[in-house]
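Open the model in your viewer and keep the selection panel at hand. The tour moves from one side chain to its surroundings, and then to the whole chain.

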Amino acid sequence: MLHKNTVIAPCFYGKKFKNVSSKNGNGGAIYFNAFKQSLTVERTDFVDTYTIKEGSKGGAICVEYTQDDMPVKIIGCTFDGTKSGFGGAIYVNWASLTSDITIDDCTFKNIYVSNNGDAIYIDNAYKNKVSITDCTFTECYSYYIHNAFTLYLDVGTLDCINNVINFTNPEKSDGCIYLSNPVTCVIKECTFKNYRFDESDTDIRVSGGIHCTLCPNLISILIEKNTFDHVEGNNLGRVLLISEIEKGTVTYYNNTIKNCPAGGPLIRIVFKYDISD
């Protein structure tokens, strides 16, 4: 645990955490809450790390609080069998002004969550640049089937590039990306396979692919060269649903949709006001 009085810039390199837990708090292996400090975790394995307390955060890593421009970097790590309430592997609540959050070249597998963010949950990152690149997510599930997202991202600026989200068992699968309060976002060259979101009651208006909501400050969203493979359900916008757009541009270009059985419409975009306004 690293708290606000820590005076060093922590760096974890080439470590392995196995069968460790946080019984009363957040961060199964690493809890970071340090004033004026950056965090780097590189080439580190997290195996069967978990949190126990109901509503806890970050089955492997939990990062909370900073008011300074200090980056968070998680690079080349493996997360296997981690569990938590929010963020089965990683939870970040980042209040700094402009510091980057980078998650690159990581592998996530057999991850479980009881609430949302099967693998990653990032909250309050309105002014940060968040990069999730070259990562693989396999068998990242919620205990409540079809009712959570692999990536739950409350972020302003996002680069989500060359990632793979794959559920080998569609009967247990969840959604892929939940995006809230975007300003400038790029989702490019990713693969989303065998996913499905709960379609009961009002959940039919939730996309299991890319679900984007609350867009008052939107400048642009680019969705390019992605592959959506075997998308089930009757949801309104199984591949893409963007709602409450007030302004900005949405570019959907050169994506591939394949192996989709009959069901709800694939793409749904809803403006908050009439286009004539």
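Predicted model: local features only at pLDDT ≥ 70, side-chain atom pairs only at ≥ 80, totals over all residues.

**First stop: a glutamate in a loop**

Select Glu-232 and Arg-196: their side chains are joined by a polar contact of 3.1 Å. A polar contact is a pair of N or O atoms within 3.5 Å; within protein, one must be able to donate a hydrogen and the other to accept it, and residues adjacent in sequence count only if both atoms are side-chain atoms.

Residues are numbered from 1 along each chain as its sequence is written, and side-chain values use heavy atoms, with hydrogens and water left out.

Glu-232 lies in the loop between β24 (227–229) and β25 (240–245); strands are DSSP runs of E, at least two residues, numbered from the N terminus. Is Glu-232 buried or exposed? Its relative accessible area is 16%, so it counts as buried (under 20%, with a 1.4 Å probe and protein chains only; exposed is over 50%, partly exposed in between).

Next, show the residues that Glu-232 touches (heavy atoms within 4.5 Å). Leaving out residues up to four places away in sequence, they are Pro-170, Tyr-195, Arg-196, Arg-238 and Pro-261.

**Last stop: the whole protein**

Colour by secondary structure: the protein has 28 strands and 0 helices. Of its 277 residues, 53% are buried.

Terms used:
Helix = DSSP H or I, 4+ residues; strand = E, 2+ residues; numbered from the N terminus.
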